[in-house]
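Dear colleague,

Please read the notes alongside the coordinates.

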Amino acid sequence: MHHKSSDEQESHATLPFSQACENNKDPILSVLQKELQGHVHVLEIGSGTGQHSVYFAPRLTHLQWQTSDVSNNHTAIKAWHASYPAQNLHAPLRFDLAYDMLPANDVQPSYDTVFTANTLHIISWPFVEKLFELVGGALPLRGKLIVYGPFNENGHYTSASNQQFDNRLRQRDPKSGIRHLEDILEVARQHRLTLSERYAMPANNQILVFQKV
Ligand SMILES: C[S@@+](CC[C@H](N)C(=O)[O-])C[C@H]1O[C@@H](n2cnc3c(N)ncnc32)[C@H](O)[C@@H]1O
């Protein structure tokens, strides 16, 4: 087990922190370790605080982890990267789903994986469609899009806590909200992304793995 030095603990205490990321990082990592064998270049969309990236990159050393987000979050992501650097972890690229292309980096010409956590219920539905369009267009054959978050099934919430969460989201922003799995699968299909695996995750979340066909 890795014990943090007092320096690390001190810097950690000043970083923007998401408790949800702390709770879900291990279960997500287990899925990524299984799904990303042989993959070499991940683009993360909506890196948020950057906490996921500093945990995943040093535990997936066979690949490069490229973070991205809207500019507002770059200070946080860079602060986490400064405290927990890793050779295969890359500073955030500016990316907004209003843009017409995925962000390019100079590490490798293209991404074989896109990962995004807790974003589809935050962004508007047109931006959900845009994400699948851009990712479907950019991934090579058999490239993967891996999505983590809550989803409704058969027109229903999968838990009372998800229903409460959805109500809070919509009160804050009527364009946000938990998406229906069936709608996601349909928009994915339109962009040549087929569901290859689905994982039940703690706290009524899921991981959906899509593969470009
Ligand atoms: C709830 S946070 C999730 C952050 C992190 N992935 C996590 O799991 O904690 C939603 C993320 O979506 C990003 N986001 C919101 N609107 C966006 C847009 N138009 N384009 C790209 N990312 C966006 C936010 O900046 C934020 O990082």
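In this predicted model, an oxygen atom of the ligand lies 3.0 Å from an N or O atom in the side chain of Asn73, a polar contact in the sense of a pair of N or O atoms within 3.5 Å. On the backbone side, a nitrogen atom of the ligand is 2.9 Å from a polar atom of Ala117, and an oxygen atom of the ligand is 3.3 Å from a polar atom of Gly48.

The ligand is surrounded by 16 residues (a heavy atom within 4 Å), and Gly46, Asp69, Asn73, Leu97 and Ala117 are the closest.

Elsewhere, the structure holds six salt bridges (a side-chain nitrogen of Lys or Arg within 4 Å of a carboxyl oxygen of Asp or Glu). One of them joins Lys144 to Glu35 at 2.8 Å, N to O; because Lys144 belongs to strand β5 (residues 144–149) and Glu35 to helix α2 (residues 19–35), the pair ties together parts that are 109 residues apart in sequence. Helices (H or I, at least four residues) and strands (E, at least two) are DSSP runs, numbered from the N terminus.

Residues are numbered from 1 along each chain as its sequence is written. Local features need pLDDT of at least 70 and side-chain atom pairs pLDDT 80 or more, while totals for chains, interfaces and linings use all residues, and side-chain values use heavy atoms, without hydrogens and water.

Best regards

Methods:
A polar contact is a pair of N or O atoms within 3.5 Å; within protein, one must be able to donate a hydrogen and the other to accept it, and residues adjacent in sequence count only if both atoms are side-chain atoms.
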